[in-house]
Amino acid sequence: MTRSLRLATLFAGLAALSACGDAPEATPALEVLQPAPLELWVEASGELKAAKATKLVVPGQNWAQRQLVWMVPDGSPVKAGDVVARFGAEQTQLELDKALLNLERNALSQASKQAELEIGVGRLDVDIAQVQSQLAIASRYAQADFAAIARNVVLDAVADERYLGEKREVLDWRKDQSAERGGAELQVLSAQRDTVAMGVKTREDDLGALELRAPHDGVFVLATNWGGEKPQIGAQMWASNDLATLPDSRSLEVELSLPQIEAQVLAVGQAVELHPAGRPEEAFEAPISWLASAPRATSRNSPIKYLAFKVAVPTDIGARHAWVPGQAFQARVRLKSADAALSVPNLAVRSDAGQTSVRVWVDGEAQSRPVTLGVRGPARSEVLEGLAPGDAVVLAEPEPATEATP
């Protein structure tokens, strides 16, 4: 019901009752009900957000330390491939220099060990050759006839043959052991080299990843930490930490909320009229696309619970006005729209033990009448049952007159 129609019915009711001769002070404020166009709205406020947003993290691996040296301003539109931030990594450079030095040391250790192993094997080969020569001589005399050579010489040769044979076996064992031990030590050094080389590659990769580029078009929005602060130039950061988000401006939505008592009739598909705060000329209408399953409190200091809902922004409208995430929006949610309906002001509605009623003026007195209400707006409510056109609803009853004290 429009404002002018409500005022007309109210004044008509007051004039009719005044003509009956009752005392003006005994006549309550009334509204005579008549079917009329009904538009029930509820106002809400919210923020423009991107339905899809890419998280941008500090580049690098293994939580490498970084220093932010440059970035584009917060809220700047960027294109795919644009550099959005640059970092410095002095600590990583120092660690790379140390790793390269350790790599050189490892190479020297391997060369030294290889030379030591070759020298040891060479000495053993000399000893084996000498023993082999002596063994050949001893074997020749050990097989000689006692008639040709003195008995004691032959016996000494036999003893020498046994001794030299055992000595050769020992030298062969020492040679095998030296080769195995040297090979194991070389394998240890090789494994150490692989580990150091892996560290070198990791740090080289870290130093090669000091620029952050936008993966797609969007708006560069800095992330906040647990204290609500945003990154600043010169700040020390670590690889994989959140730096910013890149909302996709092609998929925008407005996130709104209403107090629980006002959001009882919200449903997906209801029409919402929205516009950026302070720009009513950019208004558009769209349906509710998402509704929270339950209301929740938004502050520890207030027990009031709010129900969140979202409205998707048509792509062409968002692109035409160049809206960006973070803008404040005002909205009106259409709760009820009818060409002709009965409605009463909310101030006339009473609730007692779950029963809703209004006071109706009949024959000069107010009578309570139970009613069934439909959609309830901020100021008026739809009447489904209990009232008829022409009923005079009591808006506010006058205070009882008091006798003056002499």
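Begin by selecting histidine 275, which lies in strand S12, residues 271-276 (strands are DSSP runs of E with at least two residues, helices runs of H or I with at least four, both numbered from the N terminus). This is a predicted model, in which local features need pLDDT of at least 70 and side-chain atom pairs count only at pLDDT 80 or more, while totals for chains, interfaces and linings use all residues. Residues are numbered from 1 along each chain as its sequence is written, and side-chain values use heavy atoms, with hydrogens and water left out.

Histidine 275 is buried, at a relative accessible area of 19%, where buried means under 20%, exposed over 50% and partly exposed in between, with a 1.4 Å probe and protein chains only.

Next, select serine 240, found in the loop between strand S9 (236-238) and strand S10 (242-247). Its phi is near 80°, a positive value in a residue other than glycine, and at 38% relative accessibility serine 240 counts as partly exposed.

Move on to aspartate 363, in the loop between strand S19 (355-362) and strand S20 (365-370). Aspartate 363 also has a positive phi, of about 55°, although it is not a glycine, and its relative accessibility of 78% makes it exposed.

For the second largest pocket, select Ile261, Glu262, Gln264, Val265, Leu335, Asn346, Gly374, Arg376, Gly377 and Pro378, which line it. The lining divides into four nonpolar, four polar and two charged residues, where Ala, Val, Leu, Ile, Met, Phe, Trp, Tyr, Cys and Pro count as nonpolar, Asp, Glu, Lys and Arg as charged, and the others, Gly among them, as polar. A pocket here is an open set of points on a 1 Å grid over the protein atoms alone, where a 1.4 Å probe fits, with protein on both sides within 12 Å along at least five of seven lines, and lining residues have an atom within 4 Å of a point.

Finally, colour the chain by pLDDT, the predictor's confidence in each residue, from 0 to 100. The chain averages a pLDDT of 80, and 85% of the residues score at least 70, whereas pLDDT stays under 50 over residues 1-25. Zooming out, the chain holds four helices and 23 strands, and 34% of its 406 residues count as buried.

Technical notes. Contact = heavy atoms within 4.5 Å.
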